[in-house]
Each structure stands twice: as structure tokens, then as C-alpha cells.
Amino acid sequence: MPTAPADSEYGTALVPTVTPFTNGSVDAEAVADVSEFVLENGADGLVPCGTTGEFASLTNEEYETVVSTSVEAADGAPVLPGAASSSVAGTLERIDIAADCGADAVLIVLPYFHGANAPSGNERFLRAVLAETSLPIILYNIPSCVGQSIDADLVEAVADHPDLAGMKDTSGDLTHVLDVIRRTGDDFHFFQGWDSQLVPAVSMGATGGINAVSNYYPGLMSEAIDAAAKDDMERGRDLQLNRIAPMFNTSLEYGFAPTTKAVLVERGVIDDDSVRPPLVELNDEQTSAVRSVLDETLAPAE
């Protein structure tokens, strides 16, 4: 089984950043503020325009603004935007935009809404994208949103393609995670996207994590990854159980983009917690609950 690398060309602790809005429009200055905040506090790189970044609510022009602003703010740190679309052409279009903006790699998903009608369909889709991509690709497995999972057989079938760099898994299925890690080589970058399983995944060979709560816990996520990679299980277990998991569970309950924006407002990183429909902002009761969990998990360890 591969061992967790101390580092990778993309880093180990990556942040799927939010897309801040002001008066309904993308706030490029706030995009830069979030990017700089997470990088200054322990993150290795940025993943804009993912699920937490509300990619499905962005026009191509807005997508370009977010990616280009993130690349500029990253100042050389890796930037791996989401490039999800339900078609080969749409996926390649966003990959090309990301490439023109200076991104290092992209995350793509399987087609959503109309899933494959035969097992070969998903491999056909991935190989069509890989044949024309202008950037390295990281698969993004998020079956709760896409409606289907990227199974281990499919990953193994395409893992040796020179433009396939790795995978992010947000299935919450640790058995599936371990199966993929077991079937791929040391050069395959596997990122755990289910925050409450970060330490177990890294301890079993994952490269690191791309985790929503790292928007406001970048240092804690980096420390947890480092602890797991160094087999410091006492420290890793404490960070996972007492710091990361409570806020992840709260975010899972209230929605990742709305909760993350509410927390970033609480932490003074952004001024506006607005999200685009069909998402809605947290109400006062939910914000109070989030604030309580945030205070507990950010409190110094005794």
C-alpha cells in the first residue's frame, strides 16, 4: 500500500474556497481575501469553483474571474479549480478557461442528470476528456451530487493515463477510499474530501485532503494531515474527533457553502454571507449554533 507522502506537487492540505458575492455579483476582492487568508494560515493550495464554491451557479465569465483572481492571490501556490460539467465539450471549455488563467490542474466529475446507460459509458467520457485536456485532471467523486460514484474499477482503468493526476473522494465511504488507494500507485494523488475521515484516510495512504472546513481551519487541517502522515495517532485522533468532526457535521447539516460563508463572516474574512439560489443563508438560530461549535473547536487545547 502506498504511504502518505510528506508533500506533493499540489501540496497536501488544499482548500475548496467559497465564492463571495456582494450585491449579487462575484466579489473579486473578497475572493482574494479568502485565498490569502487560507494560504497565510496553513493551506498549501486552492480549489476554487468546487461544490463549496457554488460552481454550478457561476457563468463562464464569473468562473474566469474567480479562477484568475485565485491564481493571482495564490502567488505561486497550487490552484486546482473545479471544471465540472455534464458534457465532454462543457468540461473541456472550463478546463481551457482554467488553463488560460494559469491554473495547475482541474477537478472534474462524471456527467450528472443523464448518467451512463452502460458501464463503459463513464470510461468513454473520461477518456474523451483526457484525450483533449489542456491541464492535468483530478477526478472528483461526489455521488450525493452527481448521482453516481466513480468506482474503483473505473479509476484503475484510467489511472495510468499521463494526464490523470489523482482523485478527490467525497463519498464518505472509507472502504471505497481504501480500495482506490490500494489499486493506484505512489504517483496518484488521492485527496480525502469527507472531512470527518481525513486522518484515517491519510494514515492509510491518502496524499491529503480537499476539505470544506479548511476554509476556516487551514492550520488545523494541515496539522491533522501531518500528524497522520507521521503516525502521530494521538494528536491526529484529537484533531479529528474534537476539532474537525464537530464543525464538519454542523456544515453537513446546514450546507457547506452557507455555513462556510457564515463562519468566514464570523472570523472577519469576508463581509457578506450571501449565497445564490437554490441555497439560502443561515438563519439566526443556525448562525448561533455554528458560532457555538466554532468557539469550542477553536478554543486552545487544555
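Is Cys49 buried or exposed? Select Cys49: its relative accessible area is 1%, so the residue is buried (buried means under 20% relative accessible area, exposed over 50%, partly exposed in between, with a 1.4 Å probe and protein chains only).

This is a predicted model, in which local features need pLDDT of at least 70 and side-chain atom pairs count only at pLDDT 80 or more, while totals for chains, interfaces and linings use all residues. Residues are numbered from 1 along each chain as its sequence is written, and side-chain values use heavy atoms, with hydrogens and water left out.

Next, display the cysteine sulfurs. The closest one to the sulfur of Cys49 belongs to Cys101, at 9.0 Å, which is too far for a bond. For Cys145, the nearest cysteine sulfur is that of Cys49, 15 Å away. The whole structure contains zero disulfides (pairs of cysteine sulfur atoms within 2.5 Å).

Move to helix 2, residues 60–74, and select Thr69. (Helices are DSSP runs of H or I with at least four residues, numbered from the N terminus.) Thr69 counts as buried because its relative accessibility is 15%. Beyond its neighbours within four places in sequence, Thr69 is in contact with Ala28, Val31 and Ala32 (contact means heavy atoms within 4.5 Å).

Finally, select helix 11 (residues 256–266), where Phe256, Pro258, Thr259 and Val263 meet residues of helix 10, including Met247 and Tyr254. By class, this contact has seven nonpolar, three polar and no charged residues (Ala, Val, Leu, Ile, Met, Phe, Trp, Tyr, Cys and Pro count as nonpolar, Asp, Glu, Lys and Arg as charged, and the others, Gly among them, as polar).

Key: Helix = DSSP H or I, 4+ residues; strand = E, 2+ residues; numbered from the N terminus.
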